[in-house]
Protein chains: 2
Amino acid sequence: MKALSQQNFIQQLSIDCVIFGYQEKQLKVLVPKLDFKGDFWALPSGFIFQDEGIDQAARRILEERTGIRDVFLEQFKVFGKAGRTNIKFFERMIALNEEKLGEKRFDRQEFEWITQRFISVGYYALVDIDRVVPRKIEIDESIEWYAIKDLPEMIMDHTELVGSALEALRINFDHRLLWFNLLPETFTMKELQQLYEIVYQRPFPRNNFQKKILDLNVLERLEKKYTGAANKAPYLYRFKKKHV
Amino acid sequence: MKALSQQNFIQQLSIDCVIFGYQEKQLKVLVPKLDFKGDFWALPSGFIFQDEGIDQAARRILEERTGIRDVFLEQFKVFGKAGRTNIKFFERMIALNEEKLGEKRFDRQEFEWITQRFISVGYYALVDIDRVVPRKIEIDESIEWYAIKDLPEMIMDHTELVGSALEALRINFDHRLLWFNLLPETFTMKELQQLYEIVYQRPFPRNNFQKKILDLNVLERLEKKYTGAANKAPYLYRFKKKHV
């Protein structure tokens, strides 16, 4: 792997991805733990090649950690405060990891590169969690889905980024029908209602909710879901058109 | 003025401002015409100093052209396609203006600087148009308010930027009560309704509209507006709290 500082990236501009999935009635975010002593978690991030559009770069970064490309991915905000990069933090991280760094990764030039001031474009992705097999990249010790309420403390302003991505999700979730991106191919009305309730953190009365969704005319009704109790089996639905 | 290329800016990152005002039942945008032969219009733009936050930079750029700072200003989107900067366009612009450039502004280094690939953070501002006296800066021949439907053709993707800013305005205008930013201190209900109709390009039935707005409980009712026909004079309103 070519050293970061030697690659043909745009300087001082990074991309951070908040990758949302939904599982077991929890909204989750995919977070790598860095392969450094000291317990450092950081959102999937990367840089932009000189000949690459920013949306392309975000998709490449998403694919690196998830193996998938063809999903909802959108920028939500730029993070560009003057004091975003805390050099003391990086110095501590490097000090804790001198041995490891010596053997494989960071020289002085590299350190100077990553501790520059970076302005970051935040993207959020919505994925069907069952389609994703999280992938470690070279700098990761591990990578896991964390429920929003159990997120580890992340480096820099990454926790704030997740909050801000969640705001963008809430603003667009209903009127742009983003919800289908977080669900499997087929789902029951109750499952959709639960997802709404998790995202908005409030109840949605069942009858109104069902009517509102069916009136959109975007769902196709399939067979009943086999539950063992045939007379109470709920219908399964499928989103009519995947417009990613 | 120090040459652009010698200043301590973040490389390849710019800010473009879409400054909206409202006047004579028209939504308008403040657009400078560049002081070059060939009729070039461009949104108010600028760069980010190394020690400056991006929001601060946007406010500085806004103030340069308007003289005011304390107004609604928010980022709406980043424009970062790989082919954003059309070097042929800049070459033509320079060729047309060799004489002028020779005498005052661009050397080769400067040309290389402005024709780099730039990723631009789009900001939109909402101003009370009566409070603004548009200001030319060194590179401007003139600066004027243009109705959205009469915008001149602008350089690069600036026309697309205005469209995208307008989308952001429409998304936030109603639920975040952005409208008060575009109105003078006091206004009639009819004037507010007209502004809504201009922004959303559709009628708002008078009674419903008035009820909806009054139910928000954000307006203070003042004396009647003197129109000469006292019995039909409409009330003036004022926004209760300026939360910029």
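**Figure 1. Helix 7 of chain A and the residue N217(A).** Just after helix 7 of chain A in this predicted model, N217(A) takes a positive phi of about 60°. Helix 7 of chain A runs over residues 206-215. This helix is hardly covered, and the count of buried residues among its ten residues is zero.

**Figure 2. Chain A as a whole.** Chain A holds seven helices and nine strands. Along its principal axes, the C-alpha trace of chain A spans about 70 × 35 × 30 Å. Of the 244 residues in chain A, buried residues make up 27%. Contacts in chain A between residues at least 6 apart in sequence were also sorted by separation, and 73% of them join residues at least 24 apart.

**Figure 3. The two domains of chain A.** Chain A is divided into domain 1, residues 4-173, and domain 2, residues 183-239. The C-alpha centres of domain 1 of chain A and domain 2 of chain A lie 33 Å apart. The two domains of chain A touch, with eight residues of domain 1 in contact with seven residues of domain 2. Which helix gives the largest share of the side of domain 1 of chain A that touches domain 2 of chain A? Helix 5 of chain A, residues 158-173, gives this share, which is three residues. By type, the residues on this side of domain 1 of chain A divide into four nonpolar, no polar and four charged.

**Figure 4. Strand 9 of chain B and its partners.** Strand 9 of chain B covers residues 235-239 and pairs with strand 7 of chain B, residues 186-188, in the antiparallel sense over three bridges. One of the residues to look for is T186(B), whose bridge partner in strand 9 of chain B is R238(B). Strand 9 of chain B is also joined to strand 8 of chain B, residues 219-224, by four bridges, and these two strands run antiparallel. Here L219(B) has F239(B) in strand 9 of chain B as its bridge partner. In a regular strand the side chains alternate between the two faces of the sheet.

**Figure 5. The largest nonpolar core.** How many residues does the largest nonpolar core have? This core has 92 residues. Those with the most contacts inside the core are C17(A), V18(A) and A125(A), together with C17(B), V18(B) and A125(B). Leaving out residues up to four places away in sequence, C17(A) touches L43(A), P44(A), A58(A), I61(A), L62(A), Y123(A) and A125(A). In soluble globular proteins, nonpolar side chains tend to be buried together.

**Figure 6. Where chain B meets chain A.** In this contact, 18 residues of chain B meet 18 residues of chain A. The elements of chain B that give two or more residues to the side touching chain A are strand 1 (9-23), strand 4 (72-79) and strand 5 (119-126). Strand 1 of chain B provides the largest share of that side, four residues. The residues on the side of chain B that touches chain A divide into seven nonpolar, six polar and five charged. Of the interface residues of chain B, 100% are also interface residues in chain A, so the copies meet through the same surface.

**Figure 7. The relation between the two chains.**

Conventions:
Residues numbered from 1 in each chain as written. Chains lettered and ligands numbered in written order. Predicted model: local features only at pLDDT ≥ 70, side-chain atom pairs only at ≥ 80, totals over all residues. Nonpolar A, V, L, I, M, F, W, Y, C, P; charged D, E, K, R; others polar. Core = buried A, V, L, I, M, F, W, Y, C linked by C-beta atoms within 7 Å. Buried ≥ 20, exposed ≤ 12 C-beta atoms within 10 Å, placed from the backbone. Pairing = 2+ DSSP bridges. Domains from an automatic or database assignment.
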